[in-house]
Amino acid sequence: MTFVRSPLALMGASVLLIVVIGVLGPSAMVPGLDGPAWQPPYSLGLRPAGTFVIAMAAVALVLGAVGLGAALRAVRQGRWAQPALGRWLTLAGCVAAGVLALLPPSGSSDHLNYAAYGRIAALGHDPYTTTPAELPQVAGWPEEWKNTPSVYGPVASAIHLLAGLAGGGSVRLTVFALEVANAAAFILTALLIHRLTRGDARAALLWAANPLVIYHLAAGMHVDTFAALAVVAALATGVGTAGRRAGTGALIGLAMAVKINAGLVALGPAWALRRAPVKLAVVAAVATATVAGTYTLAGPYSLDQVARASRSLSHATPWQLFQGALQWLLGPGGYTIWIQLASLAMIAALAALLLRAMPGEVSAAQVAAAVVVAYLFAAPYALPWYDGLAFALVAIIPAAGALDGFLVARLAALSLAYLPARVVDQPPELAEWLLEVVRKQAAPWILLAVTAALAVWAWRARRVAAPVPPPPVSAAPRT
């Protein structure tokens, strides 16, 4: 029992540290929220030192990754056979999400952008054309992106609007309304995964009780939680009847209206219906109509920032290592198209390798998981909370060897690269080291190594798992 408890103890300590970071109040990890202290979310307002709270977050991430990796290995090797474990892990994760919804968000300042865009919409302005800096009522809300219109899909913007209406002119109450909605989405996803996998402990470890996912999607409160919910619900709905096919198409469309790259999941149902073109057309038509309808309602400028983001390159991805050489060869901006083309080729190749390495008959969920995982590993622009979608999808497919471990290693490295949450409330020399050394130099090399190892594993896993020819029918039975 000591071995069983140890990984869970590490994971529990990780989640506890994440909770404590929020309880302590505004810091380098927790943006401050204007408004009366009696209004939710709540904290002690102790304002801990930046170095201390960043170190606490780093310890939480390392403990969470190590504990999660050990727990997944124990489940994979069959050393944890308690039938109730999945249920208790799911319950613990849901409780953690509920507690974090009462605390100020941590790990990122994106929620301030969400609140600002929601308030802009509540005031009758278009968040896709109006920046926070243009309106005195919200100019001081976000710490970053003050001069950038919303980059989020129409469904995400609708959630922001509802929170803006609920919060009125209070940034504190607006953020709290967003937290409640986010916690509800996280918990619903956890319960849906629990039901789909019949209480499988591995599935609970990958989503509900995953400290890294809790850190980004429960404490960090990113819109990716809503995309994960819609995607899991779409795959759970299936394509067995006309009604289910329409429901799947609508849910995929809603997921894309949260974040457009969630549309990669559509390749799963497309695979399942590859020999039924009429049925496939129904799913595609409903999904297209949902996407078109939501973006039409959002206005003609709702896709402007999507096009810009597709050409971006984030600091921690391996593509950062090639940017300088390509820029020297091709001039400023000339490297963009070549990186995009190379990433597309890499996504296709890695997805094919992952599918070859997956056990059993290929399913819609496996295709969706393989494509999303490949996209995250190979895309030029990736942030750690994007990985939540991959964990949700991999949770609902059969275990595929070491794939879970590669996902944990990648998210741990990427999470550490994006410490802290803010550019204020920390020593300048620490901020510079974290950005220039950890994020721009160490992280790309680590992620490149993890990606290469994943590709090698997927290639070798297929060869090792090749089916053995059955014995002749006439062979005598073994005694």
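Helix H4 is largely enclosed by the rest of the structure, because 11 of its 13 residues are buried (under 20% relative accessible area with a 1.4 Å probe, protein chains only). The model is a predicted one, in which local features need pLDDT of at least 70, side-chain atom pairs count only at pLDDT 80 or more, and totals for chains, interfaces and linings use all residues. Residues are numbered from 1 along each chain as its sequence is written, and side-chain values use heavy atoms, with hydrogens and water left out.

H4 covers residues 110-122 and reaches 18 Å from its first C-alpha to its last, close to the 18 Å expected at 1.5 Å a residue (1.5 Å times one less than the number of residues). Its buried residues include Asp110, His111, Tyr114, Tyr117 and Arg119. The partners of these buried residues are helix H5 (154-167) and helix H6 (171-196), against which they pack (contact meaning heavy atoms within 4.5 Å). Just after H4, Gly124 takes a positive phi of about 95°.

Turning to the whole chain, the fold has 19 helices and 0 strands (DSSP runs, H or I of at least four residues for helices and E of at least two for strands, numbered from the N terminus). The radius of gyration is 22 Å, close to the 23 Å from the globule rule for 479 residues, so the chain is as compact as a globular protein of that length (taken over C-alpha atoms; the rule is 2.2 Å times the number of residues to the power 0.38). Of the 479 residues, 52% count as buried. Among contacts between residues at least 6 apart in sequence, 75% join residues at least 24 apart.

Technical notes:
Buried < 20%, exposed > 50% of the residue type's maximum accessible area, 1.4 Å probe, protein only.
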